[in-house]
There are 2 protein chains.
Amino acid sequence: MPSSTTRTVRVELADRSYDIEIGHGTLPGLVDFIASRSKLSHIVLITDTNVDPIVGEPVAERLTEEGIELEVMVVDAGESSKCADVAADLWESMLDEGSDRQSVVVAVGGGVVGDLAGFVAATFARGLPFFQIPTSLLAQVDSSVGGKVGINLSSAKNMVGAFWQPRGVMIDVDVLKTLPEREFRAGMAEVVKYGVIMDAEFFEYLELHVAEINRRDPAALMYLIERSCQLKAQVVQDDEREETGRRAILNYGHTFAHAFEAASGYENLLHGEAVAIGMLCASRLAERRGMVNQSVTSRQLELLTALGLPTTVPDLPHDEVQKLMWHDKKVQDGRLRFVLPTRIGEVVLVQDARSEDVSRSLGETGP
Amino acid sequence: MPSSTTRTVRVELADRSYDIEIGHGTLPGLVDFIASRSKLSHIVLITDTNVDPIVGEPVAERLTEEGIELEVMVVDAGESSKCADVAADLWESMLDEGSDRQSVVVAVGGGVVGDLAGFVAATFARGLPFFQIPTSLLAQVDSSVGGKVGINLSSAKNMVGAFWQPRGVMIDVDVLKTLPEREFRAGMAEVVKYGVIMDAEFFEYLELHVAEINRRDPAALMYLIERSCQLKAQVVQDDEREETGRRAILNYGHTFAHAFEAASGYENLLHGEAVAIGMLCASRLAERRGMVNQSVTSRQLELLTALGLPTTVPDLPHDEVQKLMWHDKKVQDGRLRFVLPTRIGEVVLVQDARSEDVSRSLGETGP
């Protein structure tokens, strides 16, 4: 199935439909990619201090060579840039640089840059055309699909934002060559998630191609990114604004993961690492409820281990973790919702998890 | 035509359609109005220091009596609250008070409160249901219809925002009893504008009912608010996101008005006052281009005068005003666009106004 030619995933959302183009060595074609989807008189390119020298500058150079009027805005790398102050600085800078309703915003970076730049694009002049060049695996398979953009508040992530679909997403897997090992692995957790929640064959593909994936074989990467984007696009098409409940399946492992991240102060655990452990906890919880047998959990455990992801619940007080889970925004009407597997390739939403079972699923997870 | 029963104007925007209910003494029915259009577990009521004691507090009391969980957030009265800092404070306060995706935002105030609260509603948790109780005539006939919400940047008004339609707008003309005379008159400028741009009969109605209007007769107010909302709704339905150009007709008089406001530092001139003078300038410009005869201008001049609005161009240097007009955001591709009348009840968009004619139309306006 893998191939090395350019692949396109179409996200069908009526007049907000767009293409995700996946290839390698494709970034030099960015001007055409944008120009065929939007007026192109003035570009605001937003990136961060890590990505700018590696991807931002070459892209900016190319755009300038092609005669595009361009402003580059570089924010500090890291989650702390995803805040109201930085958004306000970007708005003012855009105004100073003469941005108007004809301007186009291009995000070059990981999830933080995409979410922040997307929020700025969604709100400047009541909405500008927006393009994404995701440079981390996590951003390529997750945050670049679905149009969720936003910033954090002091004590809540992604609490302010919008649904603002990009006009196009260009994924060049070559940018992954320089991605730190740990970040690459963390991105793979979300890829595994798509297999568990929607596609047993894809899960099997991952099991069979661990070696290619771990050495970042471009054809394998292109295939797994394409399939992940297709699967996420299916969910987003069914429930663009998170209204029907369908989009909730994407949160498999995340109720646990958010609590692990919060309990550890977001410092020792990358999001994908927390998701890997969270998926195993959720799978144990499903076992305890008699929804799956033990092999469903052990297949996930083996795959995640082979991909170099952590699988042991971090050493945090269980009652602290449980308390944090009850504060997660996915708590609705006082009930804690979990996305739990019924087999590899299918999950359901469970509304009535018993606190005792949740606690046990925390205790039992481990290699 | 006028009547004193409750009237409803439906704004048809597919799944974003909503009702504007116009009545007098209707505010006590607010809970039912909201509850029939949205889940109602937690309300964030946003108002300002001027409106809170007069309208905000009675509304809040009523909601509390009915057992609604309510947070009241009062911002300083005035345009300076419509900024990123105040929006960020509101986001944080909402989070502190336990707001979530089930919360509803209710704006009680004039245009500043409506725009600010609407922006906060559009962005908190990626969008909350939003209701408006406009308390100024200007907000009732203009900003409460059409879904434009937003904040100002340091040197540009309304530069950041969204299109976010309310779930419902409740207009109780009784709140106008306490509106300062000058603000009431300023609101009438936009009412006159609807007559000029779209409805000759409505313009005539205003000419014939100046006395009732000036003494704020509830039946006359209800009728002119209803008709204004209907006319604006027609335009918004045709061009919700300002894409086809149709919505531009609402800017009749505004290219001049924005320059007057900016040149006078937004201090000596209310928006509606600037619009009154701007409409006369635009009408003179149309005369100069042979599009209308002198009577079109003089009818506007007489009506605006009878309604107590200023009609003389403020004593500002013409070249300063012209320079500001060229910096207005309605400048597209370097051409200055004007909305000009072809008769009372119809306007067209003109792209090629000569600077000399614009200057003369500034000079000639006056009683």
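Two strands pair if DSSP finds at least two bridges between them. With that in hand, here are some close-ups of this predicted model.

**View 1. A hairpin in chain A.** Strand 1 (residues 7-11) and strand 2 (residues 18-23) of chain A run antiparallel, with 5 bridges joining them. The two make a hairpin, with 6 residues sitting between them. Look in the turn for A:Ala14, which has a positive phi of about 50°.

**View 2. Strand 2 of chain A and its parallel partner.** Strand 2 of chain A also pairs with strand 9 (residues 168-172) of chain A, this time running parallel, through 5 bridges. Here A:Ile20 stands opposite A:Val169 of strand 9.

**View 3. Both faces of strand 2 of chain A.** This strand is mostly covered, with 6 of its 6 residues buried. On one side you'll find A:Tyr18, A:Ile20 and A:Ile22, and on the other A:Asp19, A:Glu21 and A:Gly23; all are buried.

**View 4. The second largest pocket, over in chain B.** This pocket has a volume of about 160 Å³. It is lined by 13 residues, and B:Leu27, B:Pro28, B:Val55, B:Pro58 and B:Val59 are the closest to its centre. The lining counts 10 nonpolar and 3 charged residues, but no polar ones.

View 5. Helix 1 (30-35) and helix 2 (51-65) of chain B each supply at least two lining residues of the second largest pocket. Helix 2 of chain B gives the most, with 6 residues.

Methods
Residues numbered from 1 in each chain as written. Chains lettered and ligands numbered in written order. Predicted model: local features only at pLDDT ≥ 70, side-chain atom pairs only at ≥ 80, totals over all residues. Heavy atoms only, no water. 1 Å grid on protein atoms, 1.4 Å probe; cavity = no way out; pocket = protein on both sides within 12 Å on 5 of 7 lines; lining within 4 Å. Points joined across faces, edges and corners; volume = space filled by probe spheres on them. Helix = DSSP H or I, 4+ residues; strand = E, 2+ residues; numbered from the N terminus. Nonpolar A, V, L, I, M, F, W, Y, C, P; charged D, E, K, R; others polar. Buried < 20%, exposed > 50% of the residue type's maximum accessible area, 1.4 Å probe, protein only.
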